[in-house]
Amino acid sequence: MKREFAVIGLGRFGGSICRELSEEGMDVLAIDADEDKIDEFKDIAAHAVIADTTDDKVLKELGIRNIEHVIVAIGDNIQASILTTIMLKELGIKTLTVKAQNDYHEKVLKKIGADYVVHPERDMGRRIAHSIISTNILDHLELSDDHSIVEVKAGKRMDGKTLVDLDIRAQYGCNIVAIKEADEKGINVSPMATQTIEADDILIVIGADKDISRFEKQLVVED
Ligand code: ATP
């Protein structure tokens, strides 16, 4: 069944969400105050409307209260982002995802009831920094302030060893939740303790940051 979304603000971030949701067959209402943006998205999204969402009359007229999930991707104009979020909250939108421009903006958005606050530039910067530190760290996803999931290339030190041999949970306090074969040929979710790891395998590891860091330093060796 098609689910309904609205994306407000069609900059690089909002535009990319709108494109992706539409390509996945979702029903998307694209909104931007800029006519050129709406021209660009009128053949991509199911509906595209020029509107300034800081005007509550306009928001009501758009029938936005019937939409299940609204993504606010207004960037530079923090005041417009906050005002739009407050009004959407008042209209009773079930799920609100809002892009924050900085930490202060994020704090305010959480306070006024945004369900998900995203910080794409900061988060992508962190992910890239982790993959720069070690060429074996392929990706890094923050779960909370002190827990993450990382994708890591097993490397030489783990080659030919089983999960029992490495005893990762007891030694490092983190868990290998999946093992991807090289070239993404297959993925083994919840691997058995007897599974043998190969140097080119990609391990998906979940745990506290301090434990993951110890695991990386001691077992993940640069090729
Ligand atoms: P990105 O980094 O994602 O490209 P950005 O952070 O630079 O975006 P802006 O370009 O400032 O963000 O805003 C994104 C879009 O939001 C713009 O296309 C802008 O026209 C739209 N926008 C800004 N204010 C409003 C508003 N009040 N109502 C509707 N759309 C708005």
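This is a predicted model: local features need pLDDT of at least 70, side-chain atom pairs count only at pLDDT 80 or more; totals for chains, interfaces and linings use all residues.

Student: Which residue has a polar backbone atom 2.8 Å from an oxygen atom of the ligand?

Tutor: A polar contact needs a pair of N or O atoms within 3.5 Å. At 2.8 Å from an oxygen atom of the ligand, the polar backbone atom belongs to Phe-13.

Student: How much of the accessible area of the ligand does the protein cover?

Tutor: On its own, the ligand has 640 Å² of accessible area.

Student: How many residues of the shell around the ligand are charged?

Tutor: The shell also holds 7 nonpolar and 6 polar residues. Asp and Lys count as charged, and the charged residues number 8.

Student: How far apart are the C-alpha centres of domain 1 and domain 2?

Tutor: The domain assignment gives 4-118 as domain 1 and 122-220 as domain 2. Their C-alpha centres are separated by 35 Å.

Technical notes. Residues are numbered from 1 along each chain as its sequence is written. Side-chain values use heavy atoms; hydrogens and water are left out. A polar contact is a pair of N or O atoms within 3.5 Å; within protein, one must be able to donate a hydrogen and the other to accept it, and residues adjacent in sequence count only if both atoms are side-chain atoms. Accessible areas come from the Shrake-Rupley method with a 1.4 Å probe; for residues, only the protein chains shown count as cover. Domain bounds come from an automatic or database domain assignment.
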